[in-house]
Amino acid sequence: MLLPYFQWFETTTIGEWIKNSSWAFAVIESVHLLALSVIGGAVLLVDLRLLGFGMKRQSVSDVAREAWPWLVVSLIVMLVTGFALFVSEATKCYYSTPFWVKMTSLALAMVFTFTVRRKVSLADEHDMRPAVLKLVALVSLTLWFGVGAGGRWIGFSG
Amino acid sequence: MSLLPFCEWLASTSGSIALHESLYMYPLVESVHVLTLCLFVGMSVILDLRLLGIVFRRVPASEVIDRIIPWMVGGFVVMVISGMLLFYAIPIRSYQNIFFRLKLIALVLAGLNAWTFHSGIHRKVGEWGAAAVPPKRARVAGAASLALWAVIVVCGRMIAYNWFDCDMPQRPLVKWAAGCVEKPR
């Protein structure tokens, strides 16, 4: 059902350009990886704090507030570079199971991060049960791990 | 002195061949190597940004360093082990890869930068740790670390591309930098 749209992406100017360039894909992918480092740090710092590790002497909300802009900006870079990589090989992605695992995890991770996780991490932690904080961290780590592992595995398939 | 004979010997060992030809182990090790970026480089970025006076300005730098370094060390150990396994699986091509060589040089520089910081200005962290913006030597160390790790990440990714491989026609400069040898193997 979606296949014609995926095939169309590859025929767009940007899709054609990235596909036919010998270095564009590599450069965009490098930026994607640099942003991965930043988003990884921003996510881990808060999730570790929710689990009671890392910046323990600061409140969860202080750590979350500090990390938030870095998470948002690196996520935007990830989405833009990721989309560029996708349009250059959209048909391959359509047939790739890891791609769909990644996109499903990404959708869930983004919704969770911008709703539940944001709300819980910015709230006064004394109003929260410790188990809730830990559960939020584990769900976040699991979802983002799915995004990362799925992303790496797109390159191994097909 | 060339390390090529050593790499050739390493490539002939059964463990290297098994890892190189494995269907799942090699991709698994590579995935661990890439995803640990989040832990190791991600945590380094936070520490470097604190040294630059950009994040956690109200938290003493010494505390950020103390809280984050154990996680960085853990990530670094995983990085080194998985990275050595990746080299073990493909020794000759890696050794003769320009990006691999650049990555190693940048790693040495990053190590020197960390050593200079910890044996120098970090010793006086009691004097400046509470300042929102650390002294210049600490800021320079943070900026150098960010730049070097960015180079290391990008070079690491580029190793996969064969643009400058010895088995392709190359300019003399590339052949020299990659350590290509003329004898057919």
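Predicted model: local features only at pLDDT ≥ 70, side-chain atom pairs only at ≥ 80, totals over all residues.
A crossing of two helices is called left-handed if the near helix is turned anticlockwise from the far one by less than a right angle, and right-handed if it is turned clockwise. Residues are numbered from 1 along each chain as its sequence is written, and chains are lettered from A and ligands numbered from 1 in the order in which they are written.

**Figure 1. Here is where chain B touches chain A.** On this view, 24 residues of chain B are in contact with 22 residues of chain A (contact means that the C-beta atoms of two residues, placed from the backbone, lie within 7 Å). Chain B's side of the meeting draws two or more residues from each of helix 3 (25–51), helix 4 (61–89) and helix 8 (136–158). Helices here are DSSP runs of H or I with at least four residues, strands are E runs of at least two, and both are numbered from the N terminus. Which helix of chain B gives the most to this side? That's helix 3, with twelve residues. Sorted by class, the side of chain B that touches chain A has 19 nonpolar, two polar and three charged residues. For the sorting, Ala, Val, Leu, Ile, Met, Phe, Trp, Tyr, Cys and Pro count as nonpolar, Asp, Glu, Lys and Arg as charged, and the others, Gly among them, as polar.

**Figure 2. Zoom in on helix 7 of chain A and helix 3 of chain B.** Two packed helices are described by the angle between their axes and the distance between the axes. For helix 7 (residues 130–154) of chain A and helix 3 of chain B, the axes come within 10 Å and cross at roughly 140°. (Axes are lines fitted to C-alpha atoms, for helices over the stretch in contact, and angles run from 0 to 180 degrees between N-to-C directions.) The two helices are therefore oblique to each other; angles under 35 degrees count as roughly parallel, over 145 as roughly antiparallel, 65 to 115 as roughly perpendicular and the rest as oblique. Their crossing is right-handed. Helix 7 of chain A brings G148(A), A149(A) and R152(A) to the contact, and helix 3 of chain B brings S31(B), V34(B), L35(B) and C38(B). By class, that makes four nonpolar, two polar and one charged residues.

**Figure 3. Now look at the largest nonpolar core.** A nonpolar core is a set of buried Ala, Val, Leu, Ile, Met, Phe, Trp, Tyr and Cys residues joined through C-beta atoms within 7 Å. Buried means 20 or more other C-beta atoms within 10 Å of a residue's own, exposed means 12 or fewer, and partly exposed is in between, with C-beta atoms placed from the backbone. Which residues touch the most other members of this 64-residue core? They are I39(A) and L45(A). Helix 3 of chain A gives the most, with 13 residues. A second, separate core has five residues, including V87(A), A90(A), F99(A) and I154(A).

Figure 4. Skipping neighbours within four places in sequence, I39(A) is in contact with L71(A), S74(A), L75(A) and M78(A). S30(A) sits in helix 3 of chain A, and with 18 C-beta neighbours inside 10 Å, S30(A) counts as partly exposed. Again leaving aside neighbours within four places in sequence, S30(A) is in contact with V154(B) and R157(B). S30(A) and T81(A) are 51 residues apart in sequence, yet their C-alpha atoms are 9.3 Å apart in space.

**Figure 5. Helices 3 and 4 of chain A pack against each other.** The axes of these two helices come within 8 Å and cross at roughly 155°. The helices are therefore roughly antiparallel to each other, and their crossing is left-handed. Their contact has 23 nonpolar, five polar and two charged residues.

Figure 6. Chain A has seven helices and zero strands, and chain B has nine helices and zero strands. Of the 158 residues of chain A, 39% count as buried; for the 185 residues in chain B, the figure is 30%.
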